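Try each task before reading its solution.

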Amino acid sequence: MDSHPADEAAASRPDWVGSGLVQAVLGGLDRPRTLDDLAEDLGVTDTRIARYLNALAGIGLAERGPDGWLRSDAGSRAVGKHGSTADGPVTELPGASVQDYRQALVDLEFGMFDAEARWASAEHGARLRPERAAEFAERLQALVAEYFGPDSVDWSSPVKYGFRWLLTPVDLPPGGAAAE
């Protein structure tokens, strides 16, 4: 049985095309869109959108026209057609921050962040007496306040980190890169 060229093209797409943010970018390109408009609608920085738009253009899924960015015919076929990037069963958790972590890992694999960006996670379990658990909670809150409190923000840092039991880059500064 012969395969259809569109099926072959879909099979050769990089995994990052199936990520939530990239699918949202492609979905938003149903009409000409500016970089700023798309970034505002999706609630992420223009830097991330620009990098993905350029990469999507590089694999023929998006193109820049005179009135803004559009998805190509191949890009239209790719919307919602690419499989999940998950490697097996996934635990669904409520809240937008969970998607930030999934997308951040895709962004890391894509090369969105520089080589010095840090990623860490762990899972631990132990039987603790109530006073020991209280001590841990207090120390953790103090540590979080020290590193993530309003007085510790370094606005010159090129990477914004999130810490919700998982440390990973979650965004880039606005205006850091323009889509060519």
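**Exercise 1: the layout.** How many helices and strands does the protein chain have?

Solution. Keep in mind that this is a predicted model. Step one, count: there are seven helices and five strands. Step three, check how the chain is tied together: of the contacts between residues at least 6 apart in sequence, 68% join residues at least 24 apart.

**Exercise 2: a helix pair.** Work out how helices α3 and α4 pack against each other.

Solution. Start with what to report: a packed pair is described by the angle between the two axes and the distance between them. For α3 (residues 35–42) and α4 (residues 46–58), the axes come within 9 Å and cross at roughly 115°. Next, the hand: this crossing of α3 and α4 is right-handed. Finally, list who touches whom: α3 brings Leu35, Asp36, Leu38, Ala39 and Leu42, and these meet Asp46, Ile49, Ala50 and Leu53 of α4.

**Exercise 3: the surface.** Find which residues make the nonpolar surface patch, and which helix gives the most to it.

Solution. First, the overall numbers: the chain's accessible surface comes to about 12000 Å², with 52% belonging to carbon and sulfur atoms, and buried residues make up 32% of the 180 residues. Now the patch: Leu143, Tyr147, Phe148 and Phe163 make one of about 400 Å². Helix α7 (residues 130–148) gives the most, with three residues.

Technical notes. Residues are numbered from 1 along each chain as its sequence is written. This is a predicted model: local features need pLDDT of at least 70, side-chain atom pairs count only at pLDDT 80 or more; totals for chains, interfaces and linings use all residues. Side-chain values use heavy atoms; hydrogens and water are left out. Helices (H or I, at least four residues) and strands (E, at least two) are DSSP runs, numbered from the N terminus. Buried means under 20% relative accessible area, exposed over 50%, partly exposed in between (1.4 Å probe, protein chains only). Contact means heavy atoms within 4.5 Å. Accessible areas come from the Shrake-Rupley method with a 1.4 Å probe; for residues, only the protein chains shown count as cover. Patches are made of residues with over 30% relative accessible area and no salt bridge: like charges are joined within 9 Å, nonpolar side chains (Val, Leu, Ile, Met, Phe, Trp, Tyr) within 5 Å. A salt bridge is a side-chain nitrogen of Lys or Arg within 4 Å of a carboxyl oxygen of Asp or Glu. Axes are lines fitted to C-alpha atoms, for helices over the stretch in contact, and angles run from 0 to 180 degrees between N-to-C directions. A crossing is left-handed if the near helix is turned anticlockwise from the far one by less than a right angle, and right-handed if clockwise.
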